[in-house]
Amino acid sequence: MSGGDRDMEHLTQEQINKLTYFYLNRKILSDDLLEAKKHMVQCSSCYEEFCVSIVEAHELAKKGLIDLKILVNDNDDTVRDNTLVRMNSVAGKLQVAVNRMLDHTKANLWSFVPEPQFAAARGQNSNDMQIFVNQISEYSFISLQGDNLIVRLDVEYFKNGKYEAVYYENGKEKIYPFLYNEVEECLEVVIKVKDSDYELIIRECVL
Ligand SMILES: [Zn+2]
């Protein structure tokens, strides 16, 4: 796949499917897809095909008629789903879900459950605070207080991975690396939330 004139050729159905999958899953494009995207920018017929593909796949997936995974080849490790946890805020109400594709051990490690008592115990007004505590370590939690969204991961349990948080609001995405908080001895991300609708995923950094 190193031909220099590759940008002269139209995209294959496979490339369009894969681009569709990456866009709909908001995944970072791999190098070969960046090349494909470059072609698409200059070629209106490929761009149109891609647009149709996106709209169709989005509609079908929304209705539960297809699993987007059919767009990609299982053996292709660039499509590996590296999402661990997904958080959605709809009208200010947080929901947190662990990726169902994770194996049992990982799913346990990344399981966060709502814990209203936890906030109350810390003397905070739980009406103003939503908190999800990790099932393995209570020093790991996701909390929303006012417009501060905080994710803390206990280093004791999470030191073996490299993680980042991806925050989506108003169609924009921002990536936050987890930073070490020496005082709390945890990995931490703090996000100023502006809207009441947003999404945050925590994912494994892919090197
Ligand atoms: Zn083309």
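The points below go through the helices, the sheets and a few single residues.

1. A word on the basis. This is a predicted model, in which local features need pLDDT of at least 70 and side-chain atom pairs count only at pLDDT 80 or more, while totals for chains, interfaces and linings use all residues. Residues are numbered from 1 along each chain as its sequence is written.

2. The helix pair. Helix α1 (residues 13-24) and helix α2 (residues 31-42) have axes that come within 10 Å and cross at roughly 105 degrees. That makes α1 roughly perpendicular to α2. For the terms: helices (H or I, at least four residues) and strands (E, at least two) are DSSP runs, numbered from the N terminus. Axes are lines fitted to C-alpha atoms, for helices over the stretch in contact, with angles from 0 to 180 degrees between N-to-C directions. Angles under 35 degrees count as roughly parallel, over 145 as roughly antiparallel, 65 to 115 as roughly perpendicular and the rest as oblique.

3. Where the helices touch. From α1, Gln 15, Lys 18, Leu 19 and Phe 22 meet Leu 33, Ala 36 and Lys 37 of α2; contact here requires C-beta atoms, placed from the backbone, within 7 Å of each other. Sorted by class, this contact of α1 with α2 has four nonpolar, one polar and two charged residues. The classes are nonpolar for Ala, Val, Leu, Ile, Met, Phe, Trp, Tyr, Cys and Pro, charged for Asp, Glu, Lys and Arg, and polar for the others, Gly among them.

4. The five-stranded sheet. What is the order of the strands in the open sheet? It is β2-β1-β11-β7-β8, with antiparallel pairing; two strands pair if DSSP finds at least two bridges between them. The edges are taken by β2 (93-98) and β8 (172-177), each with a single partner strand, so one side of each is left without a neighbour in the sheet. On average, neighbouring strands of this sheet are turned by 15 degrees against each other, direction ignored.

5. Around β11. Strand β11 (residues 198-204) is joined by six bridges to strand β1 (residues 83-90), and the two run antiparallel. Along that pairing, Thr 83 stands opposite Arg 203 and Ser 89 opposite Tyr 198. Strand β7 (residues 163-169) is also antiparallel to β11, again with six bridges, and here Tyr 167 faces Leu 200.

6. β1 and β2 run antiparallel and are joined by six bridges, with Val 85 opposite Val 98. Their hairpin has two residues between the strands, and Ala 91 takes a positive phi near 50 degrees in it. β7 and β8 pair in the antiparallel sense over six bridges as well, with Glu 164 opposite Pro 177. Two residues lie between β7 and β8 in their hairpin, and Asn 170 is in the turn.

7. Two residues to check for phi. Asn 170 has a positive phi of about 50 degrees although it is not a glycine. Is it buried or exposed? Asn 170 counts as exposed, with 8 C-beta neighbours inside 10 Å. Glu 185, in the loop between β9 and β10 (186-192), likewise has a positive phi of about 50 degrees without being a glycine. Glu 185 is exposed too, with 12 other C-beta atoms within 10 Å. The cut-offs are 20 or more other C-beta atoms within 10 Å for buried, 12 or fewer for exposed, and partly exposed in between, with C-beta atoms placed from the backbone.

8. Phe 178. This residue sits in the loop between β8 and β9 (179-181). Phe 178 is buried, having 20 other C-beta atoms within 10 Å. Leaving out residues up to four places away in sequence, Phe 178 touches Leu 153, Tyr 163, Glu 164, Ala 165, Leu 187, Glu 188 and Val 189. The C-alpha atoms of Phe 178 and Leu 153 are 8.8 Å apart, with 25 residues separating the two along the chain.

9. Strand β4 and its partners. Five of the six residues of β4 (residues 129-134) are buried, so this strand is largely enclosed by the rest of the structure. Strand β3 (residues 112-114) pairs with β4 in the antiparallel sense over three bridges, and Pro 114 has Phe 132 as its bridge partner. A hairpin of six residues joins β4 to β5.

Methods
Contact = placed C-beta atoms within 7 Å.
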